[in-house]
Every structure is written in C-alpha cells, then in structure tokens.
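This briefing goes through one protein chain by topic. Please have the sequence and the 3D view open while reading.

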Amino acid sequence: MKSRILEKGTELFFRYGVKTVTMDAIASELGISKKTIYQHFPDKDSMVLEVVKNFTEQDFAKWDELDRLYSNVIEKMFKSFEMTKDLLTQMNPRLLFEIQKYFPAAFQVFKEHGEKCIYQNLIADFKKGAQFGYFRNDIDFELLARLRMAEVDLAFNPDFYPNNKLSLYDTQITMMDIFMRGILTEKGLTLYTSYQNNLN
C-alpha cells in the first residue's frame, strides 16, 4: 500500500505541484481513507521528502545508465532529453519552486543530488567532449557545469519568464540549444546539428 500511495502522490505532485495537492486528494484518487495514508506517512512533509528521494535515486540510475550506453557525450545529452520528455511535458513548472519554498528538507535532497551527481557528471562530460574536440577547451569546466545547472533551475522559476507560452520541455530544449552553441567547436556543432535534426 505504501508504494501505491507514493506512486499516486508522485503523479499528482508532479502534475499539479506540491502546494495544491492535499492528502485528501491523494486518498480520494486511490479510493482509500486519509487515515490509511497517515499510517505510512505521518504528514505531507514526509511524503514529499520520500517522493524527492525516490526521484533523485532514479535520476542517479539514469545518469549511470546513460554513461554505460552512450560513450559520445553529445548523443548522451540528446538521449537524456528523450528519456525525460514525458516527465518534462507533464511536470508542473512550479514544482521545484514550491518544494524550495515550502518543503526545505526535500529541497535539500535535491541540492545534494545536484552537487554529488549532476554537477560531477556535467564536468566529466564537458572534459570528455573537449578531449574529442566537440567542446571548446578554453572555458573552465566547473563554471560551465554551474552555468548549465543554474540554467535548468531557472526554467522552473515562475518569475523568470512569466508569459512563457512554451512547455517546460520546449523551454529546456531551447535554453540548452543556446547554451550548447556557445561551447561547441565546428566539429562538435556538425555532430550536434545531426542529432538535433533527428530530435525534431
């Protein structure tokens, strides 16, 4: 039952945001009483924390899988977007902002995951891409990783682009494209464009 509750909570939180989804709504969707939920999660904070922990564990596994399957860092990047397209298409853009504002313990898990997994993987990818001649090697890779992480986070900020008519997925794709074109070599741009044409 706990896994069913967690799965439904994850679905609703990602679709509508963590602020508006109540424990009553989750219970109603599952056809169970709110008391049953509280037998597994003492409060909403604990459920949000568990949802975030599960998400970061799955994301870590995704990075590991991408590393094993794709030695080409540009191909890996596009495959990453393919893997997350459904999630980003359905995700409420305010989700991360709401977790940061209302659920600090859960947001701390996101931050730690960013430092231990995403940041380190990005640095490794930039170094590897530069070795193969795809990326410029005259830019600090740690700075690039920080910039790319900040860019991804920025798309979740409701104040960043309040009149945005693009989906979260299309916003992320557009911002990534702008970023990539600033660091690609001519060789890298040729390869990047070929993958980009297949994505569209």
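The accessible surface of the protein comes to about 11300 Å², and 52% of that surface belongs to carbon and sulfur atoms. The model is a predicted one. It has ten helices and zero strands, and 43% of its 200 residues count as buried.

**Overall layout**
- Read from the N terminus on, the elements run α-α-α-α-α-α-α-α-α-α.
- Along the principal axes, the C-alpha atoms fill a box of roughly 60 × 35 × 30 Å.
- Of the contacts between residues at least 6 apart in sequence, 67% join residues at least 24 apart.

**Charge**
- The protein carries 26 positive and 28 negative side chains.
- The centres of these two sets lie 3 Å apart.

**Nonpolar core**
- The largest nonpolar core has 58 residues.
- The residues with the most contacts inside this core are Ile26, Met47, Ile74, Ile99, Phe126, Phe135 and Met180.
- Two or more core residues come from each of α1 (2-16), α2 (23-30), α4 (44-69), α5 (73-90), α6 (95-102), α7 (104-131), α8 (141-154) and α9 (168-181).
- Helix α7 gives the most to this core, with ten residues.
- Leaving aside neighbours within four places in sequence, Phe126 is in contact with Phe135, Phe141, Leu144, Ala145, Phe179 and Ile183.

**Asn72, between two helices**
- Asn72 is found in the loop between α4 and α5.
- Asn72 counts as buried because its relative accessibility is 15%, and the cut-off for buried is under 20%.
- The side chain of Asn72 makes a polar contact with the side chain of Tyr134, at 3.5 Å.
- Apart from neighbours within four places in sequence, Asn72 is in contact with Tyr134, Leu191 and Tyr195.

**Leu189, in the α10 helix**
- Leu189 has its place in helix α10, which covers residues 186-199.
- Leu189 has 33% relative accessibility and therefore counts as partly exposed, a class that lies between under 20% for buried and over 50% for exposed.
- Neighbours within four places in sequence aside, Leu189 is in contact with Arg181 and Leu184.
- Leu189 and Ile74 are 115 residues apart in sequence, and their C-alpha atoms are 9.8 Å apart in space.
- Ile74 is also one of the residues with the most contacts inside the largest nonpolar core.

Definitions and conventions
Residues are numbered from 1 along each chain as its sequence is written. This is a predicted model: local features need pLDDT of at least 70, side-chain atom pairs count only at pLDDT 80 or more; totals for chains, interfaces and linings use all residues. Side-chain values use heavy atoms; hydrogens and water are left out. Helices (H or I, at least four residues) and strands (E, at least two) are DSSP runs, numbered from the N terminus. Buried means under 20% relative accessible area, exposed over 50%, partly exposed in between (1.4 Å probe, protein chains only). Contact means heavy atoms within 4.5 Å. Accessible areas come from the Shrake-Rupley method with a 1.4 Å probe; for residues, only the protein chains shown count as cover. Lys and Arg count as positive and Asp and Glu as negative; His and the chain ends are not counted. The place of a charge is taken as NZ of Lys, CZ of Arg, CG of Asp or CD of Glu. A nonpolar core is a set of buried Ala, Val, Leu, Ile, Met, Phe, Trp, Tyr and Cys residues joined through side-chain atoms within 4.5 Å. A polar contact is a pair of N or O atoms within 3.5 Å; within protein, one must be able to donate a hydrogen and the other to accept it, and residues adjacent in sequence count only if both atoms are side-chain atoms.
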